[in-house]
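Reader: I am new to this structure and would like to learn how to read it, one feature after another. Could you take me through it slowly?

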Amino acid sequence: FFFLHGSDAEEDLVGSLASMSTKERIKVIQKMPETMRKKREIRNKVLQEITKKAKHHGARPSCCTQCLQGAAVSFRRFGNTLSEHFHQLRVWHKTLKIIGAEFGTSVLSYFVFLTWLLNFNIFSFLINFSFITIPQFLAAEPNNLSFTGLELLTGAGYFQQTVLYYGFYTNATISKIENGPSYNMQLAYIFTVGIYFVICFLILLFSMAKFFSKNFINPQEFSVNASKLLCTWDFNITNEKAVKLKQKNLHTQIKEGLTEVNKEVLNFSAMERVLRIAMHLLAWVASLGTAVAACTGVYFLSINNLKLFMKGHRNDLESQTAMLVLPVIVSLLNTLIPFFYSWLGHLEKFQTPGQHIYVTITRNIILKISIVGILCYYWLNVVAASESQCWETLVGQDIYRLVLVDFIFCLLGSFFGEFLRRIIGTTVCLNLGLPEFDIGRNVLDLIYAQTLTWIGILFSPLLPGIQMIAFFIVFFVKKVSLMRNCQPPRKVWRTSQMMTSFIFLLFCPSFLGVLSVIGVTVWRLKPSEECGPFRGLSSMYAAVAEWIQELEKYTVSKWVVWIYQNLITSELFFFILSSFVLIVIYLYGQIIQGRKTMTKLLRKQIIN
């Protein structure tokens, strides 16, 4: 149909489309290399032709059928309009296109990951706010503490008596109407957090599978030949700015593809190899030694920090300052040491930028996860065993301060690490030139921030809302800093697998580590006696056991009790389930290997 011209050809096209089913007709019209205006004209002519045929055959639809058709059309139009408006709300859509065109897929992968985490935190905030915070508003008591403004930095004071922290939530069953429906806050709290982590687990798994399929298995992604040049252009683009942006994006993609195809394999002498291996070993010893020293310092500082809280302070200003010492030191270590790791990477002189980034990411993940591990040990073994009236709120405040100070240091990192570096490279030391965007360091900052948010959800249910605002600001600050201060990577390279690697790092060790921390808190630790929804219980999980005992009294709820006793608390069930999952994973692994082999054969046939 695409090659027909003239009025007769158009009539033939309309006639052919009119004889098709609705789905086939829509697909054919969508694939036409025409403008949207031309497509609408063809669609309207086809609809007129269908109406004429219906009248000619006397097949006039009934009133009910017309109403249903009209409702279906209206619903489809409403759905399209809603989709367009949601698309416009995604303010970063155009920005991502510009970044991909100017800086390539390596830098773009960071911003795609950032927007993915932003959407993730919006979802988290809506769940916690809907099922935990809103019901608490109904039973909340007035806050008698005064607000000074320092609470925004410390998270203490006025915020202690708000829905921001675990300690404020009631352990009562909320009911505004006598003999009416009630809301069990204990069950709502533990089930909301539990179901949320199950949903997170599934989202991360499906996201990894989706990106893995897209970047490792899909044969279209391997296309670095003439098809990239001849078959990629979108003929629906007519706007001049959009055309230039598309040209630049395609140009960058072709350069990345050619770089990968023409990759040079350097041959080193035996002496050079020995020197390179020695350099790599020294760099790893230095990086691991730095991580161990940082973790040791954080541990002793956190112990001293708790002693200061228990002794009390002479004035409020001293108290507020002491609260910020631990998060400031931790954020300083997390900001300065990655710069040292980047410098080590430049000394090692890796053959490809990808090797440099992945090694830097590995070193950073060891540092940040080790520091988080030390802090978790401090919270679960030292703070939880202390004489604090509400240790859960104390942990929530610590995590709030860590998230906030980390956000401030992230913004300062853009200023000192990129803006001042640009000033120095363009005025003082011209040999340095403009800086490149450090993908490894920035990605690990995001994973660290998200890990803190996941740990803090149990102790501060509204923490995802704070992180959501922080990520939104970080996106635009990083975008402005990138455009004004940084240059595109000197070595252009394709990073189709990078997004998969980022989500894998977020899943393991970050998310799996958080699950272990939440598990210990829920099953092993004794809640505070004077605060929170689980006060007076031996553990948070005891609330579920008590609820099951109550359900045993009712015949209608016997099936829930059976599921709990025979599935949830059964080791045999989880053993069988794990075995089944492992078998499925093995089978899918074999299928993937078969598809990879088939893909290689098909690519050879295409080349032939």
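Reader: Let me begin with charged side chains: how many salt bridges does the count come to?

Author: Side chains of opposite charge can pair when their charged atoms come close. Please keep in mind that this is a predicted model; in it, the count comes to six salt bridges. One of them joins the side chains of Asp398 and Arg401, with N to O at 2.8 Å, and both residues lie in helix 13, three residues apart, which is about one turn of the helix.

Reader: Are Asp398 and Arg401 buried or exposed?

Author: The cut-off to remember is that a residue is called buried when its relative accessible area is under 20%. Asp398 counts as buried because its relative accessible area is 4%, and Arg401 is buried as well, because its relative accessibility is 0%.

Reader: Which other salt bridges could I look at, and how accessible are their residues?

Author: Among them is the pair of Glu529 and Lys526, whose side chains meet at 3.1 Å, N to O; here Glu529 is partly exposed, with a relative accessible area of 49%, and Lys526 is partly exposed at 44%. Another salt bridge is formed by Lys553 with Glu550, where the closest N and O atoms are 3.5 Å apart. Since exposed means over 50% relative accessible area, Lys553 at 61% counts as exposed, whereas Glu550 at 41% is partly exposed.

Reader: How should I read the nonpolar core, and which residues touch the most other members?

Author: In soluble globular proteins, nonpolar side chains tend to be buried together. The largest nonpolar core here has 117 residues, and Phe111, Phe113, Trp116, Trp379, Ile399 and Trp454 touch the most other members. Helix 5, residues 93–139, gives the largest share of this core, with 15 residues. A second, separate core has nine residues, including Leu17, Met32, Ile42 and Val46.

Reader: What is Trp379 in contact with, once its neighbours within four places in sequence are left aside?

Author: Trp379 is then in contact with Ala384, Val395, Asp398, Ile399, Leu402 and Ile455, and Asp398 is the residue that forms a salt bridge with Arg401.

Reader: Which residues make the nonpolar surface patch?

Author: The patch, of about 820 Å², is made by Leu153, Ile408, Leu412, Phe415, Phe416, Leu420, Ile423, Ile424, Val428 and Leu432. Helix 13, residues 391–428, supplies the largest share of it, eight residues. Ile408 has its place in helix 13 and counts as partly exposed because its relative accessibility is 33%.

Reader: What does the chain come to as a whole?

Author: Its secondary structure comes to 19 helices and two strands, and buried residues make up 39% of its 608 residues. The chain exposes about 34,900 Å², of which carbon and sulfur atoms supply 64%. Among contacts between residues at least 6 apart in sequence, 76% join residues at least 24 apart.

Conventions. Residues numbered from 1 in each chain as written. Predicted model: local features only at pLDDT ≥ 70, side-chain atom pairs only at ≥ 80, totals over all residues. Heavy atoms only, no water. Core = buried A, V, L, I, M, F, W, Y, C linked by side-chain atoms within 4.5 Å. Buried < 20%, exposed > 50% of the residue type's maximum accessible area, 1.4 Å probe, protein only. Helix = DSSP H or I, 4+ residues; strand = E, 2+ residues; numbered from the N terminus. Contact = heavy atoms within 4.5 Å. Patch = residues over 30% accessible without salt bridge, like charges linked within 9 Å, V, L, I, M, F, W, Y side chains within 5 Å. Areas by Shrake-Rupley, 256 points an atom, 1.4 Å probe, with all protein chains shown as cover. Salt bridge = Lys/Arg side-chain N within 4 Å of Asp/Glu carboxyl O.
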